[in-house]
Amino acid sequence: MDTNFSDDFLVKGKFSIKKASTEYKGKLTKEEGEQLLLNEKEKLRELQEKLYSDGSQSLLVVLQAMDAAGKDSMIEHVFGGVNPQGCNVTSFKTPTSKEYAHDFLWRHYLALPQKGMIGIFNRSHYESVLVCKVHPEYNLSEKTWKSVKDFDDKFWENRYESIRNFEKHLAQNGTTVVKIFLNVSKDEQKKRLLDRINEQEKNWKFSAADLPERALFDKYMECYETAINETSKDYAPWYVLPADNKWFARVAAIQIIIDALEKMNLQYPKLSEEDRKDLEEAKKQLESEK
């Protein structure tokens, strides 16, 4: 049985959202997948500790998805076993007036992981070519533009170029960028939104604003397809994961993240000869205590 899915969903060449599966789960049962996730979480914890101690590189995981696709629960289940001192999660909401007073990438620079850390973007700079493309009037809040007529093909080409340059700069300066799109079907999203309404303990998750956005589902899929094709590069690849089965998406995601960390060739710091002698002396002193 194939239990390694880390390369199966890497975007290579021209990407078509219509051809991307939302329900694939390999030959795994849910029980097998959940056990595999537990095993992989041990590997992730060990690699995160090595990343932290090495201190020369960082990892940025970008999560994008439609509402109810499972971003929050993925963060909980995939990263729940790592040391919180070495991991930061940033959830990007509607920009504040201060954030609108800067360029669209500014707030994302502020949230980048420092060397030795894992950073997770729950939504990201891609909102500027997703929700802001579906609702171009939102861009007017930047105050640079006078009319929605300004948001022509050239405007969007410039946005994609800015994103590519941003991610290439990160990759050239020690940050590995992994981008994951949780590809949930419209039918599965409907089921999950109804669950939020029907199950009292999930009521807090439901927002009436989800429904107008759901009505634009197909438009969002077009924007995702374009964004992924424009920005999936060797230095910052996109992975499109089938997300109708949350447990499978988590298994695939953690394997992708583990592979990215393993490729960093991380090393625990090596002590100098002088430091090693100091260590031996400290050991003797401690052992001689009464």
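At what angle do α1 and α2 pack, and how far apart are their axes? The angle is about 70°, and the axes lie 9 Å apart. We'll come back to that pair once the ground rules are out of the way.

What you're looking at is a predicted model, so local features need pLDDT of at least 70 and side-chain atom pairs count only at pLDDT 80 or more, while totals for chains, interfaces and linings use all residues. Residues are numbered from 1 along each chain as its sequence is written, and side-chain values use heavy atoms, with hydrogens and water left out.

Let's start with the whole thing. The protein has eleven helices and five strands; these are DSSP runs numbered from the N terminus, with helices being H or I of at least four residues and strands being E of at least two. Its C-alpha atoms fill a box of roughly 75 × 45 × 40 Å along the principal axes. There are 290 residues, and 44% of them count as buried. Buried means under 20% relative accessible area, exposed means over 50%, and partly exposed is in between, using a 1.4 Å probe and protein chains only. Take the contacts (heavy atoms within 4.5 Å) with a separation of 6 or more: 81% of them are accounted for by residues 24 or more positions apart.

Now back to the helices. Two packed helices are described by the angle between their axes and the distance between the axes. Here the axes are lines fitted to C-alpha atoms, for helices over the stretch in contact, and the angles run from 0 to 180 degrees between N-to-C directions. Angles under 35 degrees count as roughly parallel, over 145 as roughly antiparallel, 65 to 115 as roughly perpendicular and the rest as oblique. α1 and α2 are therefore roughly perpendicular to each other. Where they meet, α1 brings L37, K41 and L44, and α2 brings H77, V78 and F79.

α2 (residues 71-79) has another partner: it packs with α10 at an angle of about 55°, the axes being 10 Å apart. That pair is therefore oblique. The crossing of α2 and α10 is right-handed, a label that applies if the near helix is turned clockwise from the far one by less than a right angle, with anticlockwise being left-handed. On the α2 side the contact is made by S73, M74, H77, V78 and F79, and on the α10 side by K246, A249, R250, A253, I254 and I257.

What about α10 itself? Helix α10 covers residues 246-262, and its 17 residues should span 24 Å at 1.5 Å a residue; the end C-alpha atoms are 24 Å apart, which agrees. The expected span is 1.5 Å times one less than the number of residues. Of those 17 residues, 14 are buried, leaving α10 mostly covered.

N265 is exposed, with a relative accessible area of 56%. Q57 is in the loop between α1 (30-54) and β1 (58-65). Neighbours within four places aside, Q57 also has contacts that include L51, K115, G174 and L266.

A68 has a positive phi too, near 70°. It is in the loop between β1 and α2, and it counts as buried at 9% relative accessibility. A68 is among the contacts of R196, alongside K202, N203, K205, F206 and D210, once neighbours within four places are set aside. R196 belongs to helix α7 (residues 186-198) and counts as buried at 17% relative accessibility.

Our last stop is W238, in strand β5 (residues 238-242). Is it buried or exposed? At 1% relative accessibility, W238 counts as buried. Beyond four places in sequence, the residues it touches include F9, L10, V11, Y126 and F181. Its side chain also makes a polar contact with the side chain of T231, at 2.9 Å. A polar contact is a pair of N or O atoms within 3.5 Å; within protein, one must be able to donate a hydrogen and the other to accept it, and residues adjacent in sequence count only if both atoms are side-chain atoms.
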